[in-house]
Amino acid sequence: MKKIIEFSFLLIFAGTHCLGQNYDQPMMYLTNYTIAKGNNSIGYVKLTAGEIESITVGGEHEAAFKIHKDHLLSVRPEKLKPGAASFDVIISVKTPSGELTNKFRIVKDEFIRNKVIAHRGAWKNTGASENSIAALNHAVSLGCEGSEFDVHMSADSLPIVNHDPTIQGVSIAKTNSRELLSRKLANGETLPTVEIYLAAGMKQNKTKLILEIKPSELGKESSIALTRKVVTLVEGLRAQAWVDYISFDYDVCKEVMKLAPYAKVAYLKGDKTPAELAADNFFGLDYNYNVLQKNADWIKDAKSKKLTINVWTVNDKYLMEEFLKSNVDFITTNEPELLLSMVK
Ligand code: MG
């Protein structure tokens with residue numbers, strides 16, 4: 001019995017008193033970060049561990065928000081500043097062991113729903129480099145539902161946007177960010193950090209940012225370290241409303257869901273059934289078109305389990321038609337212009 005008491009004490013101590021980044025510390029989050037038109041409910045205030053005793057709302061837009069007994073955060077639309085796209089709200093939560101305060105960004109949901117996800121941004125027909133901020137901006141101005149990008153981590157733990165684990169023959173994981181950021185993309189842009197990339201994407205609220213966490217060439221521990229860095233960065237920038245996550249690494253996906261239970265996470269590799277993904281609380285599957293063609297019943301199964309279906313990388317008109325007909329939720333493509341012309 002004594003051991004159990006000591007152990008519980010240690011847990012409480014670890015959960016409330018450690019400074020710095022302690023991923024076992026309870027974290028506050030919202031179940032949703034957007035304001036949908038005609039719906040005043042935003043989402044529930046929750047903790048990753050521990051009980052909520054009371055909640056207060058503060059900040060510049062305090063009068064526009066309300067907390068209900070069941071911890072639902074709602075909005076009074078008439079009190080929102082007209083014309084603004086996002087509003088910061090400060091939420092303080094009292095728990096039996098202390099108080100947690102966090103600032104969240106709530107975004108008007110004007111995100112486009114047309115299934116078109118630009119793969120590494122819109123680069124092929126625009127002259128922008130893949131995974132550049134220019135490619136992201138083109139995807140936004142085309143009116144894509146989402147713009148996908150890939151993330152690695154430098155030797156000194158800075159998340160960097162790039163598809164391959166190397167840039168110009170240099171390993172990202174084994175090179176310091178100072179050296180990496182001296183490199184230019186083919187379109188003249190500096191290799192973007194994830195922070196700069198997200199900040200660029202947050203200037204609008206039409207196109208979602210589909211963040212792919214790449215498994216590290218240094219192994220699982222580095223992949224998990226990158227995952228933690230990325231989630232911390234997204235939360236620090238208050239980018240939760242914009243970002244959905246994807247990865248080929250199942251453990252990375254599960255780590256995102258553990259750290260950020262509100263996050264929409266889809267798995268890329270194609271070796272799990274819809275039932276397996278649903279059992280692990282995934283938002284969706286994001287599979288190569290060959291996988292979905294070989295497993296004819298997975299689209300139906302995923303729909304019945306309320307998983308979203310994303311298919312990649314579909315560049316052919318006839319394949320696009322096939323997947324539009326089967327009513328998948330998203331199609332990732334290097335040809336967003338073509339797909340847009342088909343969905344409009
Ligand atoms: Mg990718």
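## The antiparallel sheet

In this predicted model, strands β1, β3, β6 and β5, in that order, make up an open sheet of 4 strands with antiparallel pairing. Strands here are DSSP runs of E of at least two residues, and helices are runs of H or I of at least four, both numbered from the N terminus; two strands pair if DSSP finds at least two bridges between them. The edges are held by β1 (28-30) and β5 (65-67), each with a single partner strand, so one side of each has no neighbour in the sheet. From one strand to the next, the twist averages 25°, with axes taken as lines fitted to C-alpha atoms and angles running from 0 to 180 degrees between N-to-C directions.

Strand β3 (residues 41-47) pairs with strand β6 (residues 72-75) in the antiparallel sense over 3 bridges. Serine 41 has serine 74 in β6 as its bridge partner.

## The mixed sheet

A further open sheet of 4 strands runs in the order β2-β8-β7-β4, with mixed pairing. Its edge strands, β2 (34-35) and β4 (54-58), each pair on one side only. Between β4 and strand β7 (residues 86-95) the pairing is antiparallel over 5 bridges, and glycine 58 has isoleucine 90 in β7 as its bridge partner.

## Nonpolar cores

A nonpolar core is a set of buried Ala, Val, Leu, Ile, Met, Phe, Trp, Tyr and Cys residues joined through side-chain atoms within 4.5 Å. The largest has 86 residues, and Phe65, Ile91 and Tyr245 have the most contacts inside it. Helix α6 (residues 250-259) gives the most to this core, with 6 residues. Domain 1 (4-108) and domain 2 (116-343) both contribute residues, so the core lies between them; the domain bounds come from an automatic or database assignment. Apart from this core lies another, of 7 residues, including Ile160 and Leu185.

Beyond its neighbours within four places in sequence, isoleucine 91 is in contact (heavy atoms within 4.5 Å) with residues including Met28, Val45, Leu73 and Phe104.

## The magnesium site

Glu148 (OE), Asp150 (OD) and Glu212 (OE) coordinate the magnesium ion at 2.0 to 2.1 Å. Donors are N, O and S atoms within 2.8 Å of the metal (3.2 Å for Na, K and Ca); water is not among the atoms, so sites may look incomplete. Along the chain, the donors follow the spacing E-x1-D-x61-E. Glutamate 148 belongs to strand β10 (residues 146-153) and glutamate 212 to strand β14 (residues 208-213), so the pair ties together parts 64 residues apart in sequence.

## Basis of the values

Residues are numbered from 1 along each chain as its sequence is written, and side-chain values use heavy atoms, with hydrogens and water left out. In this predicted model, local features need pLDDT of at least 70 and side-chain atom pairs count only at pLDDT 80 or more, while totals for chains, interfaces and linings use all residues.

How values were computed
Buried < 20%, exposed > 50% of the residue type's maximum accessible area, 1.4 Å probe, protein only.
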